[in-house]
Amino acid sequence: MSSLLSFTILGVFSGAAYAIAASGLVLTYTTTRVFNIAHGAFGMLLSFVFWDFSQRQGMPVWLSLFLVLFVVAPLFGFVVQRVMTRGLGEAPVSVSLVVTVGLFVGLIGLAQQIWPPDARTLPFFLPDSGMQIGEVYVTAHQMITIALSVVVAAGLYLLLNRTRIGTAMRASVDNPDLLKLYGGKPSQVAALSWAIGSSLAALAGILLTPVIGLDYYELTLLVISAYAAAMLGRLKSLPLTFVGAMGLGLLQSYAVAYLPSEGAFAGVRAVVPALFLFAVVIVMPQAQLRIGQVKGLVSAPVPSLQRSVGWGVGLVVAMAVVTLALSDSNLLLAGTAATYAMVMLSLVLLTGYGGHVSLAQFTFAGVGALAYAKLDSPNLLGLFVAAAIAALVGALVALPVLRLTGLYLALSTLAFGVLMDKLVFQASFAFGFNGSLPAEPMSVLGIAITEPRVYVLLMVMFFAAMAVALLALRRGRLGRVLIAMRDSPAACGTLGLDMRWFRVALFGMSAGMAGLAGALFAGLRGTIAATDFQLLSSLPLLLLAVVCGVTSATGAAFGGVFLMLLPVLQSNHPELAGLAFAVIGFGAVALGRDPNGLANLGFKLGRTLGVRFGPQVRGFLPALPGGGARREAGSMAEPTTPERTPYDDLAGPRSGDQQEEVAVGGTARG
Amino acid sequence: MALLEVDDVVVQFGGVTAVDHASFAVEPGRITGLIGPNGAGKTTCFNVITGLQKPTRGHVRFADKDITSLSVHRRSRRGMARTFQRLEAFGSLTVRENVKVALDIHRGLKGLVQRSATDIDALLERVGVAAYADERADAIPTGAARLLELARCLAGDPQLLLLDEPSSGLDESETDAFGELLQELTREGRAILMVEHDMDLVMGVCDEIHVLDFGKVIASGRPAEIRTNPAVQKAYLGYSDDDAGAEAPAEQTRTDLAPVGAGGYADPYDEGATTVIPAVGGPGDQETR
């Protein structure tokens with residue numbers, strides 16, 4: 001009986017901390033429509049700041065707490081909102097997620113750079129005080145946490161219902177433009193809510209740190225618990241969010257108490273938030289299609305079949321030459337780059353064309369690799385079976401979220417990643433706890449490919465073939481429908497498209513591509529482990545894919561090379577490890593608004609140079625029969641797409657006025 | 001026999017009742033107008049009919065079947081298509097591709113094995129956007145984009161067309177041509193339900209009109225009846241011939257009738273006061289037309 005009580009108190013304690021974190025998340029999301037996936041990272045960074053103030057610099061705890069909660073955290077939230085996430089609420093979900101994932105990764109990098117890995121502890125508040133309730137001892141820290149969650153709830157209630165700015169906050173949830181017309185300042189509201197959200201993240205982080213440790217990742221992944229709790233209130237209702245948080249805290253605590261600590265259930269404790277999340281998502285009602293969110297995006301040009309085949313063959317030939325000069329270890333790196341490039345191609349399909357985001361693409365690669373490693377003398381058929389299994393798993397992840405839209409799908413991939421990381425990949429039938437699996441090299445037509453150079457070339461061929469197939473798909477019927485779904489789900493629905501199964505198929509296909517890459521990777525490496533497919537590596541993957549260009553195969557190729565170079569840089573310069581993450585993270589924050597990325601800038605530059613210098617260059621060449629050179633120059637001069645930035649209309653939804661401007665321009669030109 | 005029946009539909013958003021026990025029917029081969037002041041619940045009715053909005057209560061019947069609980073795409077496959085007040089053209093695709101997608105969606109798997117008989121260019125020509133065929137849909141004028149949405153609907157050969165302010169953005173001659181197109185479409189046996197602010201067009205082409213005000217159907221009838229209906233005048237002008245019997249103060253009528261819809265309709269000071277008001281039944285009707 002006493003154990004039940006003590007676990008209940010423990011559960012209420014965690015629940016209270018989750019409630020504080022989750023209410024900050026709900027506040028920022030409802031007022032700005034930007035889901036801050038870096039919410040946990042805010043808490044992590046600010047907990048480190050608190051540690052720095054109170055432990056390293058030796059300031060009194062109360063002063064450190066005051067400085068962090070009322071000065072540093074609000075200022076940080078304010079600056080982030082002003083500089084990084086402003087206007088994202090109107091952008092497609094894929095863009096706002098990429099920017100906040102950039103923050104997520106960037107802040108982890110920043111924390112690692114400022115406070116390199118080391119053993120740090122944060123003591124409980126008033127460690128020697130507590131109270132005996134019956135047979136159970138309740139620490140002062142627990143009581144403070146529970147009391148603070150009540151204070152936060154009451155404070156938020158008063159703020160939202162009893163103050164002017166709170167009324168403005170609630171109004172901005174419904175319609176920021178209208179609020180502006182009535183003299184409110186949505187920008188002020190947004191900045192304030194991010195400042196408060198940041199403080200609440202800090203408070204939750206500081207309260208939980210003595211329990212879960214001052215850890216970059218554990219604290220950052222607090223966002224999953226907060227999100228799971230907030231989902232009960234559909235990211236809107238604060239009271240339900242509190243209920244969700246308490247329920248989650250209790251469930252987690254009872255899981256520790258009553259589930260066997262060995263065997264199949266051993267890992268369940270760590271994934272309770274993820275399971276809770278899936279359970280809530282499944283019972284969520286059907287999301288209604290929203291009207292008026294249409295955006296035409298300018299994408300990288302899609303090359304013709306001949307052109308893409310030409311580039312593919314060119315790539316394979318070039319790599320055949322380059323690999324001659326590579327040592328075995330460098331060949332391994334080249335193969336790794338090819339793997340990453342293939343995984344990024346799967347993101348081109350999902351994110352670039354489909355407008356959906358997966359935060360766990362490496363996990364799908366891991367599923368493919370795992371399936372491959374289980375095969376005896378794997379061949380091409382086995383490779384495709386491994387890919388098919390990954391595709392099936394991908395479809396299964398999308399299935400519970402069938403009735404929901406973009407954001408929820410992306411966040412459930414995050415939960416799925418945690419589930420796989422901590423439960424499935426660690427299980428004895430998979431890699432085992434901290435274990436690894438051997439994988440045989442693949443055989444093609446009965447010949448085992450043991451020569452690394454040939455294997456790498458095979459991987460490059462797979463990349464090229466996948467890219468050509470993907471571009472062919474984009475030019476065809478399916479590609480058109482994908483773009484149409486991204487531009488206007490409402491129109492697709494009213495034209496008779498069942499988008500739910502289309503989305504599941506898209507997700508499955510993308511996971512299958514990642515699985516194929518993972519399987520090839522397993523054959524390349526010979527030994528694979530769970531650490532090769534960690535959830536947290538999927539985030540830099542997504543970011544580099546977007547920065548390099550998630551709408552083109554070229555972007556995927558470059559992204560693969562850069563992602564391969566990242567660990568190389570880290571092992572050569574360990575002191576810069578954090579900085580590299582910070583650069584990628586904040587780079588994505590800066591560039592994430594244009595999913596065409598650097599690749600498209602390259603294409604544009606190529607076209608400009610072609611127009612500017614093409615004729616001169618050709619002048620030196622012998623004249624081609626039929627004036628071919630001139631015609632080519634002419635076709636290059638015509639941009640395939642209007643030169644606009646993709647989010648010209650990011651500042652606000654399309655209004656009639658803007659349309660009229662377009663209309664005038666169009667008429668004049670016509 | 002009515003093709004579409006909206007039966008006692010209520011839609012509540014929180015405390016606001018957007019549609020209040022609305023019932024009306026749409027007959028095949030006819031153009032039915034749905035008019036009313038801004039915020040009367042017209043677009044919400046469209047959303048209920050197409051399944052984008054779940055009604056709080058009430059039923060929608062289409063071709064004798066209750067479709068109230070059907071999903072959006074299933075309703076569409078039964079033969080209805082709509083355009084949107086706020087444009088929903090596929091901006092990243094060209095005008096021709098927009099129609100191609102609609103055709104692909106309509107034909108589903110069948111399209112993989114067998115070529116379509118539908119001539120897309122002829123369709124674009126018919127609707128009047130052939131000139132923009134190869135332009136991106138987000139780069140063409142509003143009026144053309146609305147016509148494109150109509151072309152996209154027609155690719156699926158629907159029995160019922162729901163058009164939400166289709167003529168805004170069109171000039172006078174384009175509107176005339178558009179009116180003729182609508183009548184031609186009904187001669188093919190299609191039913192059209194149209195929300196429209198251009199009273200000349202509504203009164204000119206509609207066979208029947210339903211007037212919504214504060215979510216309620218306050219009048220139904222042929223254009224001539226609607227024009228003289230006191231309740232309609234009251235809804236639009238704030239008074240009716242019966243209780244005022246005189247010219248309305250110009251300033252007031254202008255603001256009352258200025259359509260502020262997101263479609264970017266004509267400047268109220270330009271036309272609103274002279275044509276639109278009398279078209280609803282004001283005394284100046286004949287002169288201004």
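Trainee: How many aromatic pairs does a search of the whole structure find over all chains?

Mentor: The search turns up 18. Rings of Phe, Tyr and Trp (its six-membered ring) pair if their centres lie within 6.5 Å; planes under 30 degrees apart count as stacked, over 60 as edge-to-face and the rest as tilted. Keep in mind that this is a predicted model: local features need pLDDT of at least 70, side-chain atom pairs count only at pLDDT 80 or more, and totals for chains, interfaces and linings use all residues. Residues are numbered from 1 along each chain as its sequence is written, chains are lettered from A and ligands numbered from 1 in the order in which they are written, and side-chain values use heavy atoms, with hydrogens and water left out.

Trainee: What kind of pair do A:Tyr29 and A:Phe35 make?

Mentor: Edge-to-face, because their planes are at 65 degrees, with the ring centres 6.1 Å apart.

Trainee: Is A:Phe35 buried or exposed?

Mentor: Buried, at a relative accessible area of 3%. The cut-offs are under 20% relative accessible area for buried, over 50% for exposed and partly exposed in between (1.4 Å probe, protein chains only). A:Tyr29 counts as buried too, at 14%.

Trainee: And how far apart are the ring centres of A:Phe42 and A:Phe76?

Mentor: They sit 5.0 Å apart, and with planes at 65 degrees the pair is edge-to-face. A:Phe42 is in helix α2 and A:Phe76 in helix α3 of chain A, so the pair ties together parts 34 residues apart in sequence. Helices here are DSSP runs (H or I, at least four residues), numbered from the N terminus. Both Phe residues are buried.

Trainee: OK, switching to α13(A). Which residues are buried there?

Mentor: A:Ser308, A:Gly312, A:Val316 and A:Thr323.

Conventions: Helices (H or I, at least four residues) and strands (E, at least two) are DSSP runs, numbered from the N terminus.
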